[in-house]
Amino acid sequence: MTMKPCFPAVPIDVPSESPVRYWLHEYQYQTLEFTEMERTALSRLLPLLVCGEQSSQWVFYNESIRQQKTPLALAANDFERIVADEKYHEEALEWVRNQIEEPADILAIKRRSQRFFSSLGAKKTFEEHFAQIACLDALVCKLMLYIEKGSLGPHHPFTLLCRAIKQDEARHVSVSKLHALELGYDKSQWRALNASISERLFDLLSTERDAFAVLGVDLNPIFESKEE
Ligand SMILES: [Fe+2]
Ligand SMILES: [Fe+2]
(Lines give C-alpha, C1' and ligand atoms only; values in the text may rest on other atoms or scores of the structure.)
(Ligands and ions follow the chains in the order given, each with its own letter.)
Protein backbone atom coordinates (compact mmCIF):
# COMPACT_ATOMS: atom_id res chain seq x y z
CA MET A 1 0.00 0.00 0.00
CA THR A 2 1.24 3.48 -0.68
CA MET A 3 1.17 5.70 2.33
CA LYS A 4 0.81 9.42 1.96
CA PRO A 5 4.36 10.69 2.57
CA CYS A 6 5.38 12.40 5.80
CA PHE A 7 6.93 15.14 3.73
CA PRO A 8 6.33 15.78 0.02
CA ALA A 9 8.91 14.82 -2.60
CA VAL A 10 11.69 17.32 -3.35
CA PRO A 11 11.64 18.78 -6.87
CA ILE A 12 15.05 17.56 -8.04
CA ASP A 13 16.20 14.32 -9.52
CA VAL A 14 19.95 13.88 -9.63
CA PRO A 15 21.79 10.57 -9.27
CA SER A 16 24.48 9.74 -6.71
CA GLU A 17 26.87 6.86 -6.24
CA SER A 18 25.12 5.76 -3.09
CA PRO A 19 25.71 2.08 -2.22
CA VAL A 20 21.94 1.93 -1.70
CA ARG A 21 21.48 2.50 -5.41
CA TYR A 22 23.43 -0.69 -6.04
CA TRP A 23 21.50 -2.50 -3.34
CA LEU A 24 18.30 -1.59 -5.18
CA HIS A 25 19.73 -2.94 -8.44
CA GLU A 26 20.50 -6.19 -6.76
CA TYR A 27 17.43 -6.81 -4.62
CA GLN A 28 14.47 -4.96 -5.99
CA TYR A 29 13.16 -7.95 -7.93
CA GLN A 30 13.33 -10.28 -4.96
CA THR A 31 10.92 -10.87 -2.15
CA LEU A 32 12.73 -10.52 1.15
CA GLU A 33 12.24 -13.27 3.67
CA PHE A 34 11.17 -12.36 7.17
CA THR A 35 9.50 -14.22 9.99
CA GLU A 36 6.01 -13.13 10.95
CA MET A 37 7.39 -11.31 13.99
CA GLU A 38 10.03 -9.56 11.95
CA ARG A 39 7.40 -8.41 9.48
CA THR A 40 5.30 -6.96 12.28
CA ALA A 41 8.34 -5.25 13.78
CA LEU A 42 9.46 -3.79 10.48
CA SER A 43 5.96 -2.62 9.66
CA ARG A 44 6.30 -0.32 12.68
CA LEU A 45 9.93 0.72 12.24
CA LEU A 46 10.05 1.38 8.52
CA PRO A 47 7.59 4.32 8.60
CA LEU A 48 9.81 6.05 11.17
CA LEU A 49 12.90 5.56 9.04
CA VAL A 50 11.19 6.57 5.81
CA CYS A 51 9.93 9.76 7.42
CA GLY A 52 13.49 10.65 8.44
CA GLU A 53 14.74 10.12 4.89
CA GLN A 54 12.02 12.37 3.48
CA SER A 55 12.66 15.10 6.00
CA SER A 56 16.39 15.00 5.36
CA GLN A 57 15.89 15.49 1.63
CA TRP A 58 14.27 18.85 2.34
CA VAL A 59 17.04 20.01 4.64
CA PHE A 60 19.72 19.39 2.03
CA TYR A 61 17.58 20.47 -0.88
CA ASN A 62 16.88 23.85 0.73
CA GLU A 63 20.55 24.25 1.51
CA SER A 64 21.54 23.43 -2.07
CA ILE A 65 19.27 26.27 -3.21
CA ARG A 66 20.57 28.67 -0.57
CA GLN A 67 24.20 27.85 -1.38
CA GLN A 68 23.68 28.67 -5.04
CA LYS A 69 23.47 32.28 -3.94
CA THR A 70 26.17 32.42 -1.27
CA PRO A 71 28.50 29.53 -1.91
CA LEU A 72 30.84 28.44 0.88
CA ALA A 73 33.49 25.75 0.63
CA LEU A 74 30.81 23.13 0.28
CA ALA A 75 29.07 23.60 -3.03
CA ALA A 76 25.41 23.19 -3.87
CA ASN A 77 26.50 19.93 -5.56
CA ASP A 78 27.53 18.39 -2.25
CA PHE A 79 24.07 18.97 -0.91
CA GLU A 80 22.38 17.72 -4.07
CA ARG A 81 24.35 14.54 -3.80
CA ILE A 82 23.06 14.03 -0.27
CA VAL A 83 19.49 14.63 -1.45
CA ALA A 84 20.08 11.89 -4.03
CA ASP A 85 21.45 9.52 -1.35
CA GLU A 86 18.42 10.13 0.84
CA LYS A 87 16.12 9.48 -2.10
CA TYR A 88 17.70 6.08 -2.62
CA HIS A 89 17.35 5.37 1.09
CA GLU A 90 13.70 6.32 0.98
CA GLU A 91 13.10 4.28 -2.15
CA ALA A 92 14.74 1.17 -0.74
CA LEU A 93 13.04 1.37 2.65
CA GLU A 94 9.70 2.12 1.01
CA TRP A 95 10.20 -0.86 -1.26
CA VAL A 96 10.70 -3.12 1.76
CA ARG A 97 7.73 -1.53 3.48
CA ASN A 98 5.53 -2.25 0.48
CA GLN A 99 6.17 -5.98 0.92
CA ILE A 100 4.74 -5.83 4.41
CA GLU A 101 1.23 -5.20 5.72
CA GLU A 102 0.55 -1.88 7.46
CA PRO A 103 0.02 -1.70 11.22
CA ALA A 104 -3.42 -0.54 12.37
CA ASP A 105 -2.00 2.55 14.07
CA ILE A 106 0.13 3.64 11.12
CA LEU A 107 -1.21 7.19 11.28
CA ALA A 108 -0.16 7.61 14.89
CA ILE A 109 3.34 6.32 14.10
CA LYS A 110 3.59 8.66 11.16
CA ARG A 111 2.36 11.66 13.14
CA ARG A 112 4.86 11.04 15.94
CA SER A 113 7.77 10.91 13.52
CA GLN A 114 6.53 13.89 11.54
CA ARG A 115 6.36 15.92 14.74
CA PHE A 116 9.89 14.90 15.69
CA PHE A 117 11.46 15.79 12.35
CA SER A 118 9.56 19.04 11.91
CA SER A 119 10.57 20.18 15.38
CA LEU A 120 14.25 19.71 14.49
CA GLY A 121 14.43 22.58 12.06
CA ALA A 122 11.95 24.86 13.79
CA LYS A 123 13.25 28.23 14.94
CA LYS A 124 16.88 27.27 14.54
CA THR A 125 19.78 29.06 12.96
CA PHE A 126 21.22 27.31 9.92
CA GLU A 127 24.39 26.40 11.78
CA GLU A 128 22.47 24.90 14.64
CA HIS A 129 20.24 22.98 12.29
CA PHE A 130 23.23 21.40 10.53
CA ALA A 131 24.84 20.60 13.84
CA GLN A 132 21.61 18.82 14.79
CA ILE A 133 21.62 16.89 11.52
CA ALA A 134 25.21 15.80 12.18
CA CYS A 135 24.19 14.49 15.62
CA LEU A 136 21.08 12.83 14.23
CA ASP A 137 22.84 11.10 11.35
CA ALA A 138 25.56 9.88 13.70
CA LEU A 139 22.86 8.27 15.82
CA VAL A 140 21.26 6.76 12.72
CA CYS A 141 24.67 5.26 11.84
CA LYS A 142 24.82 3.69 15.26
CA LEU A 143 21.29 2.38 14.98
CA MET A 144 22.09 0.81 11.60
CA LEU A 145 25.17 -0.80 13.11
CA TYR A 146 23.07 -2.36 15.87
CA ILE A 147 20.56 -3.69 13.33
CA GLU A 148 23.50 -5.17 11.42
CA LYS A 149 24.65 -6.92 14.56
CA GLY A 150 21.07 -7.97 15.37
CA SER A 151 19.03 -11.10 14.85
CA LEU A 152 18.52 -10.90 11.08
CA GLY A 153 22.13 -11.98 10.67
CA PRO A 154 24.96 -10.44 8.66
CA HIS A 155 23.86 -11.78 5.26
CA HIS A 156 20.19 -10.87 5.23
CA PRO A 157 19.42 -8.36 2.43
CA PHE A 158 17.87 -5.98 4.95
CA THR A 159 21.09 -6.08 6.98
CA LEU A 160 23.00 -5.25 3.81
CA LEU A 161 20.64 -2.35 3.19
CA CYS A 162 21.28 -0.99 6.68
CA ARG A 163 25.02 -1.27 6.09
CA ALA A 164 24.72 0.64 2.81
CA ILE A 165 22.64 3.38 4.45
CA LYS A 166 25.18 3.58 7.25
CA GLN A 167 27.98 4.23 4.78
CA ASP A 168 26.12 7.21 3.35
CA GLU A 169 25.09 8.55 6.74
CA ALA A 170 28.68 8.52 7.93
CA ARG A 171 29.51 10.84 5.05
CA HIS A 172 26.49 13.02 5.79
CA VAL A 173 27.76 13.42 9.34
CA SER A 174 31.09 14.83 8.16
CA VAL A 175 29.47 17.12 5.60
CA SER A 176 26.90 18.46 8.07
CA LYS A 177 29.50 18.95 10.78
CA LEU A 178 31.85 20.77 8.48
CA HIS A 179 29.01 22.90 7.19
CA ALA A 180 27.76 23.78 10.68
CA LEU A 181 31.24 24.95 11.65
CA GLU A 182 31.65 26.81 8.39
CA LEU A 183 28.39 28.64 9.10
CA GLY A 184 29.78 29.63 12.48
CA TYR A 185 28.51 26.97 14.87
CA ASP A 186 30.12 27.29 18.28
CA LYS A 187 31.98 24.01 18.93
CA SER A 188 31.56 24.27 22.68
CA GLN A 189 27.83 23.64 22.16
CA TRP A 190 28.23 20.18 20.54
CA ARG A 191 28.03 18.14 23.68
CA ALA A 192 24.85 19.75 24.96
CA LEU A 193 23.23 19.66 21.55
CA ASN A 194 24.12 16.03 21.07
CA ALA A 195 22.69 15.16 24.47
CA SER A 196 19.42 16.85 23.64
CA ILE A 197 19.09 15.26 20.18
CA SER A 198 19.95 11.86 21.67
CA GLU A 199 17.29 12.26 24.28
CA ARG A 200 14.61 13.30 21.83
CA LEU A 201 15.40 10.55 19.35
CA PHE A 202 15.50 8.05 22.19
CA ASP A 203 12.01 9.17 23.24
CA LEU A 204 10.72 8.72 19.71
CA LEU A 205 12.32 5.31 19.15
CA SER A 206 11.38 4.07 22.60
CA THR A 207 7.74 4.07 21.49
CA GLU A 208 8.81 1.08 19.34
CA ARG A 209 11.09 -0.60 21.83
CA ASP A 210 9.40 -4.01 21.36
CA ALA A 211 9.81 -3.89 17.60
CA PHE A 212 13.53 -3.13 17.98
CA ALA A 213 13.84 -6.02 20.43
CA VAL A 214 12.45 -8.40 17.78
CA LEU A 215 15.36 -7.38 15.54
CA GLY A 216 17.76 -7.96 18.42
CA VAL A 217 18.33 -4.26 18.98
CA ASP A 218 18.50 -2.86 22.49
CA LEU A 219 18.17 0.91 22.31
CA ASN A 220 19.92 1.66 25.61
CA PRO A 221 23.57 1.16 24.57
CA ILE A 222 23.00 3.21 21.41
CA PHE A 223 22.01 6.22 23.44
CA GLU A 224 24.09 5.63 26.54
CA SER A 225 27.37 7.22 25.51
CA LYS A 226 26.94 10.94 25.25
CA GLU A 227 30.27 11.51 23.57
CA GLU A 228 30.21 13.95 20.65
FE1 LIG B 1 19.36 8.66 4.97
FE1 LIG C 1 21.49 11.45 5.98
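**Entry 1: the whole chain**

I counted the secondary structure elements first. The protein chain has nine helices and zero strands. I kept in mind that this is a predicted model. Reading along the sequence, I wrote down the pattern α-α-α-α-α-α-α-α-α. Next I looked up the radius of gyration, which is 17 Å. The globule rule gives 17 Å for 228 residues, so the chain is as compact as a globular protein of that length. I also noted the extent of the C-alpha trace: about 50 × 35 × 30 Å along its principal axes.

Then I asked what share of the 228 residues is buried. I found 39%. I turned to contacts between residues at least 6 apart in sequence. Of these, 82% join residues at least 24 apart.

**Entry 2: H3 against H6**

I picked two helices, H3 (residues 76–97) and H6 (residues 157–182). Their axes lie 11 Å apart, and the packing angle is about 160°. Are they roughly parallel or roughly antiparallel? An angle over 145 degrees counts as roughly antiparallel, so H3 is roughly antiparallel to H6. The crossing of H3 past H6 is left-handed.

I listed the residues that make this contact. H3 supplies Asp78, Ile82, Asp85, His89, Ala92 and Val96. H6 supplies Phe158, Leu161, Ile165, Asp168, His172 and Val175. I sorted the residues of this contact by class: seven are nonpolar, two polar and three charged.

**Entry 3: H5 against H6**

I stayed with H6 and looked up helix H5 (residues 126–148). The axes of H5 and H6 come within 8 Å. They cross at roughly 160°. H5 and H6 are therefore roughly antiparallel to each other. I checked the handedness of this crossing too, and it is left-handed. How many residues of each class does the contact of H5 with H6 have? I noted 15 nonpolar, four polar and seven charged residues.

**Entry 4: Asp105**

I finished with a single residue. Asp105 sits in the loop between H3 and helix H4 (106–121). Is Asp105 buried or exposed? I found 11 other C-beta atoms within 10 Å of Asp105. A residue with 12 or fewer counts as exposed, so Asp105 is exposed. I then looked at Asp105 together with Arg44. The two are 61 residues apart in sequence. In space, Asp105 and Arg44 are 8.9 Å apart, C-alpha to C-alpha.

Key:
Residues numbered from 1 in each chain as written. Chains lettered and ligands numbered in written order. Predicted model: local features only at pLDDT ≥ 70, side-chain atom pairs only at ≥ 80, totals over all residues. Axes fitted to C-alpha atoms, helices over the stretch in contact; angles between N-to-C directions. Helix = DSSP H or I, 4+ residues; strand = E, 2+ residues; numbered from the N terminus. Parallel < 35°, antiparallel > 145°, perpendicular 65-115°, else oblique. Left-handed = near helix turned anticlockwise from the far one by under 90°. Contact = placed C-beta atoms within 7 Å. Nonpolar A, V, L, I, M, F, W, Y, C, P; charged D, E, K, R; others polar. Buried ≥ 20, exposed ≤ 12 C-beta atoms within 10 Å, placed from the backbone. Rg over C-alpha atoms; globule rule 2.2 N^0.38 Å.
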